Amino acid sequence: MLTVLCVFPRFYIGGVSKALSFVANTCDNAGMDVHCISCSSEPETILLNKNIHRYTVDLKERSTGLNKILNRFSFMLKLRIKIRRINPDVIIVFLPDLTKAVVYDTIGLSIPIIGSERGNPLLHSDKLLEKYRWVFNKCTAVVFQTQAARDVYGLETISSIIPNPAISRNNQLKERRVRSGNNIITVSRLSEEKNIVGLIRAFGLACSHIPACKLIIYGDGPQQLELEELVDT
């Protein structure tokens, strides 16, 4: 039986976690032995199959100063120990920085790594892009969502384009809220990289020109309180 390890930034909401949970569940449904590591202690809200093994190695990414350095060292040590204990046949990891951690932590272990860039590489500085290019070239294979993203990296290793899947699920909501009017709706993790701040400010400039218009934001995340305060100002 093939043993697969998926390394998540978190088991909490977010596009990356949702897409990787689809991969983990697909592998599990195919009869593979699937293990998943979360790098955050945030609660599990994604839908993982019941028999998938779950672990947490908390990066504590909000720490600062000396604590941040110590926490990073501790995280890398604990992650390597966990990887060696699981002893997977392949590791699947999304995001460049997390892929870098896995690449370093598997030195000498000869475990194939499948990495994936989920963002827009054009937003990286030239220095950062070069570092990520080195990281992804250390992977056995890399998955991109678009041809344009793959072209930016120009990797020497194997690469493939797999668009995000449309994941169907049963709707468990007993009630539906019906909204009327000219609404602008966004569904997103409330975090800095989604630039919901920019969306709110743009809506503030445009709303006076659009009759009976509302901006409706569905989501949760670390920026929620900041965004609520911005809306109130």
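## Salt bridges

A salt bridge is a side-chain nitrogen of Lys or Arg within 4 Å of a carboxyl oxygen of Asp or Glu. This predicted model holds three of them. Let us take each pair in turn.

In one, E42 pairs with R10, and their closest N and O atoms are 2.8 Å apart. E42 sits in the loop between β2 (33-38) and β3 (53-56), while R10 sits in the loop between β1 and α1, so this bridge ties together parts that are 32 residues apart in sequence. E42 is partly exposed, at 24% relative accessibility, whereas R10 is buried, at 12%.

Another bridge joins the side chains of E44 and R54, at 2.9 Å from N to O. Here E44 belongs to the loop between β2 and β3 and R54 to strand β3, so the pair links parts that are 10 residues apart in sequence. Both partners are partly exposed: E44 has a relative accessibility of 36%, and R54 has 30%.

E130 and R133 also form a salt bridge, with 2.7 Å between the closest N and O atoms. These two residues both lie in helix α4, three residues apart, which is about one turn of the helix. E130 is partly exposed, with a relative accessible area of 46%, while R133 counts as buried at 18%.

## A closer look at R10

R10 is found in the loop between β1 (3-8) and α1. Beyond its neighbours within four places in sequence, R10 is in contact with S17, S38, C39, S40, E42, E61 and R189. E42 in that list is also the salt-bridge partner of R10.

## The largest pocket

R10 turns up again here. The largest pocket has a volume of about 1,700 Å³. It is lined by 48 residues, and those closest to its centre are P9, R10, E61, L95 and E193.

Four helices each supply at least two lining residues: α1 (15-29), α2 (65-86), α3 (96-105) and α4 (126-137). Of these, α3 gives the most, with six residues. Sorted by class, the lining has 19 nonpolar, 12 polar and 17 charged residues.

## Cysteines without a disulfide

How many disulfides does the structure hold? There are zero. C6 is in no disulfide, and the nearest cysteine sulfur, that of C36, is 4.7 Å away. Because a disulfide needs sulfur atoms within 2.5 Å, the 4.7 Å between the sulfurs of C36 and C6 is too far for a bond.

Are these two cysteines buried or exposed? C6 is buried, with a relative accessible area of 0%, and C36 is buried with a value of 0% as well.

Key
Residues numbered from 1 in each chain as written. Predicted model: local features only at pLDDT ≥ 70, side-chain atom pairs only at ≥ 80, totals over all residues. Heavy atoms only, no water. Buried < 20%, exposed > 50% of the residue type's maximum accessible area, 1.4 Å probe, protein only. 1 Å grid on protein atoms, 1.4 Å probe; cavity = no way out; pocket = protein on both sides within 12 Å on 5 of 7 lines; lining within 4 Å. Points joined across faces, edges and corners; volume = space filled by probe spheres on them. Nonpolar A, V, L, I, M, F, W, Y, C, P; charged D, E, K, R; others polar. Contact = heavy atoms within 4.5 Å.
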